[in-house]
Amino acid sequence: MAWRDWFVNATQSQSIRSRILSDPYYRFQTLEELQLAASLGIQIDVNQAGVDDWLRLPGLSIHQARSLVELTQSGVHLHALEDIAAALGQPVQRLNHWKPVLLFCYYDEDSLHTIRPINANTASVEALLRIPGVDTYLARTIVQNRFPHPYRNLTHLQRRLSLPSDTVSKLLHHLKF
């Protein structure tokens with residue numbers, strides 16, 4: 001290889017490396033880019049990945065990415081590449097090149113990573129009762145006091161309902177606005 005060709009390849013490689021590190025949505029094009037990303041510590045946590053994360057993988061359609069996100073958000077845990085292959089209806093061999101960047105983590109049901117916050121301005125009393133530490137009185141109070149003006153955020157809810165800080169800390173990860 002001539003010096004000029006080597007220099008062009010090295011410059012392109014450095015440019016791709018820089019793009020991978022600086023752009024969290026960079027879509028990998030080749031096996032070499034996937035391997036480079038893995039060597040740089042880039043990983044996709046399959047059980048927490050969003051559509052944009054999945055779309056980084058070459059050959060994955062937006063429909064497939066959405067399907068995987070819907071599965072994981074509904075509580076399906078993906079434990080291995082075989083699970084992804086089954087969910088996509090693809091042979092596992094076709095997906096093997098993704099392995100270097102995939103991370104398979106397990107999250108227990110009580111983990112902060114698995115909590116699906118509910119909207120305090122639209123949740124029913126029954127939905128609020130599923131939050132640990134919320135009793136019937138608090139759930140009804142939240143629902144009754146959100147009209148005519150919805151809660152703007154957790155601080156606003158705390159002030160309007162005069163909630164103690166220990167109660168608010170229990171609601172912190174469970175409510176959205």
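His156 lies in helix H9, which spans residues 154-161; helices (H or I, at least four residues) and strands (E, at least two) are DSSP runs, numbered from the N terminus. The model is a predicted one, in which local features need pLDDT of at least 70 and side-chain atom pairs count only at pLDDT 80 or more, while totals for chains, interfaces and linings use all residues. Residues are numbered from 1 along each chain as its sequence is written, and side-chain values use heavy atoms, with hydrogens and water left out.

His156 counts as buried because its relative accessibility is 9%; buried means under 20% relative accessible area, exposed over 50%, and partly exposed in between (1.4 Å probe, protein chains only). When residues up to four places away in sequence are not counted, His156 touches Pro150 and Tyr151. Contact here means heavy atoms within 4.5 Å.

## Overall composition

The chain contains 10 helices and 4 strands. Read from the N terminus, the order of elements is α-α-β-α-α-α-α-β-β-α-α-α-α-β.

Of the 177 residues in the chain, 35% are buried. Contacts between residues at least 6 apart in sequence include 47% that join residues at least 24 apart.

## Nonpolar cores

The largest nonpolar core comprises 26 residues, and those with the most contacts inside it are Trp54, Leu57, Ile84, Trp98 and Leu102. Helix H2 (31-39), helix H4 (62-73) and helix H5 (81-88) each supply at least two residues of this core. H5 gives the most, with 4 residues. A nonpolar core is a set of buried Ala, Val, Leu, Ile, Met, Phe, Trp, Tyr and Cys residues joined through side-chain atoms within 4.5 Å. In soluble globular proteins, nonpolar side chains tend to be buried together.

Ile84 is in contact with Val46, Trp54, Leu68, Leu78, Leu95, Trp98, Leu102 and Phe104, leaving aside its neighbours within four places in sequence.

## Packing of H4 against H5

The axes of H4 and H5 come within 10 Å and cross at roughly 115°. Axes are lines fitted to C-alpha atoms, for helices over the stretch in contact, and angles run from 0 to 180 degrees between N-to-C directions. The crossing of H4 past H5 is right-handed; a crossing is left-handed if the near helix is turned anticlockwise from the far one by less than a right angle, and right-handed if clockwise.

Gln64, Leu68 and Leu71 of H4 meet Ile84, Ala87 and Leu88 of H5 in this contact. By class, the contact has 5 nonpolar residues, 1 polar residue and no charged residues. In this classification, Ala, Val, Leu, Ile, Met, Phe, Trp, Tyr, Cys and Pro count as nonpolar, Asp, Glu, Lys and Arg as charged, and the others, Gly among them, as polar.

## The loops on either side of H9

Arg152 and Pro148 are placed in the loop between helix H8 (136-144) and H9. A cis peptide bond, with omega about 5°, joins Phe147 and Pro148. Arg152 is exposed, since its relative accessible area is 56%. Leaving aside neighbours within four places in sequence, Arg152 is in contact with Arg159 and Phe177. The C-alpha atoms of Arg152 and Ala120 are 9.5 Å apart, although the two residues are separated by 32 residues along the chain.

Ser162 belongs to the loop between H9 and helix H10 (165-171). Its phi is near 55°, a positive value in a residue other than glycine. With a relative accessible area of 64%, Ser162 is exposed.

Tyr106 is located in the loop between strand S2 (102-103) and strand S3 (118-119). At a relative accessible area of 55%, Tyr106 is exposed. Its contacts, leaving aside neighbours within four places in sequence, are with His77 and His79. Tyr106 and Val46 are 60 residues apart along the chain, and their C-alpha atoms are separated by 9.8 Å.

Ser39 is part of helix H2 and is exposed, with a relative accessible area of 58%. A separation of 9.0 Å is found between the C-alpha atoms of Ser39 and Val101, which are 62 residues apart along the chain.
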